[in-house]
Amino acid sequence: MNFDPYRYQYPSRRNVVYGSKGMVATSHPLAAQAGLEILKKGGNAIDAAIAAAAALTVVEPTSNGLGSDNFAIIWKDGKLHGINGSGRAPLSFDLDKFRGRGWEKVPEQGWPSATVPAAPKTWAVLAETMGNLPLTETLAPAISYARDGHAVGVTVAHNWRLAFEKYSRILKGREFEVWFNTFCPEGRSPRAGELWRCLDQAYTLELIAKTNAESFYAGEIAEKIIAFSNRTGGFYSQEDFEQHNPEWVDPISVNYKGYDIWEIPPNGQGIIVLMALNMLKGFNFTFRNAETFHAQIEAIKLAFADAHRYVADQRFSQVPVAEMLSDNYGDVRRACIKERACLPKAGEPEASGTVYLSAADSEGNMVSFIQSNYAGFGSAVVIPETGIALNNRAKGFSLDPNHPNVLAPGKRPYHTIIPGFITKDGEPVGPFGVMGGYMQPQGHVQVIMNMVDFAMNPQEAIDAPRWQWVGDMNVSVEPGFPIAEAQALARMGHHMGAALDSNEFGRGQMILRTSDGTLVGATEPRADGSIAAW
């Protein structure tokens with residue numbers, strides 16, 4: 001039977017999903033099933049999140065991998081915990097040398113774009129401190145998917161093909177040969193539904209599981225990474241890996257119309273969500289119309305301007321977080337929102353290819369977890385015999401020596417991936433997130449407002465057609481966005497563009513706890529999203 005997995009003639013509807021004992025929501029069905037399998041084996045929500053995250057490195061390598069970073073917000077033992085699992089710049093990174101090569105920006109691919117991989121260490125720390133099961137249990141589904149094979153998803157195949165076509169045009173040099181050998185061994189990308197296996201990645205996952213990630217940072221895997229770096233002009237040293245540890249952080253929040261919205265503090269861009277909501281809470285919205293979209297867009301633009309001016313690694317630069325989130329500063333920035341679109345400028349608050357998943361269990365634990373290479377397969381540098389595709393997070397650094405986010409050895413870059421969490425009156429409502437680079441804070445704001453201001457259910461809130469500010473006065477809208485409202489936005493001064501598909505408008509997941517104590521989940525129609533419930 002012949003058919004096109006990318007062609008759909010008729011509107012389709014996805015219902016919210018209910019469960020009671022546990023739930024995992026991810027962008028891929030096999031990852032959701034991996035998390036549920038672990039819950040049924042006695043794991044808690046943290047174990048399920050680790051299992052799903054590890055599985056996603058195998059089933060969705062177009063967005064994340066073993067060379068990724070990750071962040072999480074976790075409700076456990078009656079309070080929120082945050083963990084920053086972003087990697088640092090290699091100690092041999094040197095601003096003068098980068099600028100001396102004529103670079104005005106950090107290159108998108110290659111060794112200069114790669115920070116120290118962080119994801120495996122975060123899994124290990126979470127398993128040791130909060131999980132019920134060891135990594136040998138939680139990584140078992142991912143190992144099986146990599147060793148025994150799995151059928152490639154529709155969205156994954158599409159993005160894999162785009163990466164192959166792009167890399168075939170632009171990548172030159174020995175450091176890139178392994179990407180083609182590892183991820184396109186047939187001389188093309190895998191097709192939707194085609195069986196895919198990666199024995200090298202299975203072996204690496206087994207080592208991570210058996211050694212609780214120690215082999216990745218001070219053993220066999222680390223040795224392979226550093227040896228390849230030395231052979232092909234990389235920057236890594238053993239010290240870079242031995243020094244890496246994730247950091248426990250206190251999540252930051254603002255109250256939006258009775259709900260506390262939580263994000264990870266800088267070096268991440270979650271503060272953009274909170275600043276925008278702080279401005280928007282001063283308006284009364286009744287409809288998703290042009291006036292509402294205009295206020296959202298202008299608030300996002302102003303928040304991005306501040307974030308790009310001030311957000312950086314707080315160990316290197318003082319970021320005025322409290323001032324940026326104050327009600328007074330929200331009032332000041334709200335006054336900048338006029339009837340017509342304008343170019344955003346940073347204020348003065350002081351006198352700144354991703355996968356997202358949610359998990360919850362019957363014990364009351366809830367996890368908001370996000371993991372990413374940054375752009376697709378990241379740096380496109382793959383370590384031989386490991387299946388490890390290194391991130392390109394260093395692309396987030398500035399090469400302006402006077403900028404707080406300037407590149408420096410051992411420093412974390414401005415980070416786009418942001419897990420979100422909602423509480424009300426000190427009790428958990430649930431985790432949510434929207435992946436997709438600079439779309440992420442824009443997606444967070446739209447999804448939160450869809451539920452709080454417009455009383456949408458979680459699935460409807462994720463389904464609703466989105467807008468995306470893409471720089472200057474330019475706004476893109478996805479298919480299904482109301483044309484009359486787009487035309488009205490154009491009359492307000494926005495430069496409107498219509499996208500032909502929804503691939504660049506983020507992919508979200510959400511799990512909320514109901515007043516009856518059960519769980520309700522929503523997943524993304526823009527991807528291969530799935531919810532596994534128990």
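Reader: Which side chain does T354 meet in a polar contact of 2.8 Å?

Author: This is a predicted model, so the values here are computed from it. T354 belongs to strand β10, which covers residues 354-361. With a relative accessibility of 1%, T354 counts as buried, because buried means under 20%. The side chain at the other end of its 2.8 Å polar contact is that of S372.

Reader: Thanks! On to the rings: how are the planes of F216 and Y217 arranged, stacked, edge-to-face or tilted?

Author: A pair of aromatic rings is described by the distance of the centres and the angle of the planes. For F216 and Y217 the centres are 5.0 Å apart and the planes make an angle of 45°. Planes under 30 degrees apart count as stacked and those over 60 as edge-to-face, so this pair is tilted.

Reader: Are F216 and Y217 buried or exposed?

Author: F216 has a relative accessible area of 0%, and Y217 has a relative accessibility of 3%. Buried means under 20%, so both residues are buried.

Reader: Which lysine lies over the face of Y217?

Author: A charge sits over a ring if, for Lys, NZ is within 6 Å of the ring centre and within 35 degrees of the ring normal. Here the distance from the ring centre of Y217 is 5.2 Å, and the lysine is K121.

Reader: And what is the distance between the charged end of K424 and the ring centre of Y259?

Author: The charged end of K424 sits over the ring of Y259. Its distance from the ring centre is 4.6 Å.

Reader: How many aromatic pairs does the structure hold?

Author: Rings pair if their centres lie within 6.5 Å. One of the pairs is F216 with Y217. In total the structure holds 23.

Reader: Let's turn to the largest pocket. Which element gives the most residues to its lining?

Author: The lining of the largest pocket has 26 residues, and among those nearest its centre are Y8, S502 and R526. Two elements give two or more residues to this lining: α7 (154-170) and α18 (458-463). The element that gives the most, with 3 residues, is α7.

Reader: Lastly, how much space lies in the largest pocket?

Author: Y8, S502, P525, R526 and A527 are the lining residues nearest the centre of the largest pocket. The space in this pocket is about 1,100 Å³.

Definitions and conventions: Residues numbered from 1 in each chain as written. Predicted model: local features only at pLDDT ≥ 70, side-chain atom pairs only at ≥ 80, totals over all residues. Heavy atoms only, no water. 1 Å grid on protein atoms, 1.4 Å probe; cavity = no way out; pocket = protein on both sides within 12 Å on 5 of 7 lines; lining within 4 Å. Points joined across faces, edges and corners; volume = space filled by probe spheres on them. Helix = DSSP H or I, 4+ residues; strand = E, 2+ residues; numbered from the N terminus. Phe/Tyr/Trp six-rings, centres within 6.5 Å; stacked < 30°, edge-to-face > 60°. Buried < 20%, exposed > 50% of the residue type's maximum accessible area, 1.4 Å probe, protein only. Polar contact = N/O pair within 3.5 Å; in protein donor to acceptor, adjacent residues only side chain to side chain.
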